[in-house]
Amino acid sequence: IGLTTTRGADQHAEEAIEKENEDQLGLLRDKVTSIKHVALEIQDEVRAHNKILDAMGREFDSAGNSLKATMGRLGVMMARGGSKHMCLLVLFVFGVFVALYYLLRSRK
């Protein structure tokens with residue numbers, strides 16, 4: 001009788017452990033699925049941000065090329081000895097600063 005009781009207790013303990021393992025496995029599966037979804041969302045965000053950064057890089061390149069061309073034209077103008085053009089440029093820049101000053105002042 002003692003051996004049969006021990007086998008029954010061992011089998012019951014083994015079933016309890018097996019059930020606990022199954023429960024833990026289910027919880028682990030849920031956590032892995034959740035982490036997978038988070039990782040996929042992060043991947044989508046990274047791709048979207050990379051597209052934005054690529055577009056910004058192209059815009060900066062374009063602006064840099066425009067600025068380089070403008071500086072080249074200013075260099076040609078200065079080489080010609082156009083003091084009249086330089087005065088006009090200084091007045092234009094001054095006018096822009098005055099306009100910005102009044103624009104920002106009126107917003108307050």
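Mentor: Helix H2 (residues 83-107) gives the nonpolar patch its largest share, nine residues; helices here are DSSP runs of H or I with at least four residues, while strands are runs of E with at least two, and both are numbered from the N terminus. The model is a predicted one, in which local features need pLDDT of at least 70 and side-chain atom pairs count only at pLDDT 80 or more, although totals for chains, interfaces and linings use all residues. Residues are numbered from 1 along each chain as its sequence is written, and side-chain values use heavy atoms, with hydrogens and water left out.

The patch on the surface is formed by Met-78, Met-86, Leu-89, Val-90, Phe-92, Val-93, Val-96, Phe-97, Leu-100 and Leu-103, which together have about 890 Å² of accessible area. Such areas come from the Shrake-Rupley method with a 1.4 Å probe, and for residues only the protein chains shown count as cover. A patch takes residues with over 30% relative accessible area and no salt bridge, joining nonpolar side chains (Val, Leu, Ile, Met, Phe, Trp, Tyr) within 5 Å and like charges within 9 Å. Phe-97, one of the patch residues, lies in helix H2 and is exposed because its relative accessible area is 55%, where exposed means over 50%, buried under 20% and partly exposed in between (1.4 Å probe, protein chains only).

A search of the whole structure finds one aromatic pair. Tyr-101 and Tyr-102 form this pair, edge-to-face, with 5.3 Å from centre to centre and 70° between the planes; rings of Phe, Tyr and Trp (its six-membered ring) pair if their centres lie within 6.5 Å, and planes under 30 degrees apart count as stacked, over 60 as edge-to-face and the rest as tilted. Tyr-101 counts as partly exposed because its relative accessibility is 49%.

Asp-23 is partly exposed because its relative accessibility is 41%, whereas Lys-19 is exposed because its value is 53%. Finally, His-12 is placed in helix H1, and His-12 and Ser-83 are 71 residues apart in sequence and 102 Å apart in space, C-alpha to C-alpha.

Terms used. Salt bridge = Lys/Arg side-chain N within 4 Å of Asp/Glu carboxyl O.
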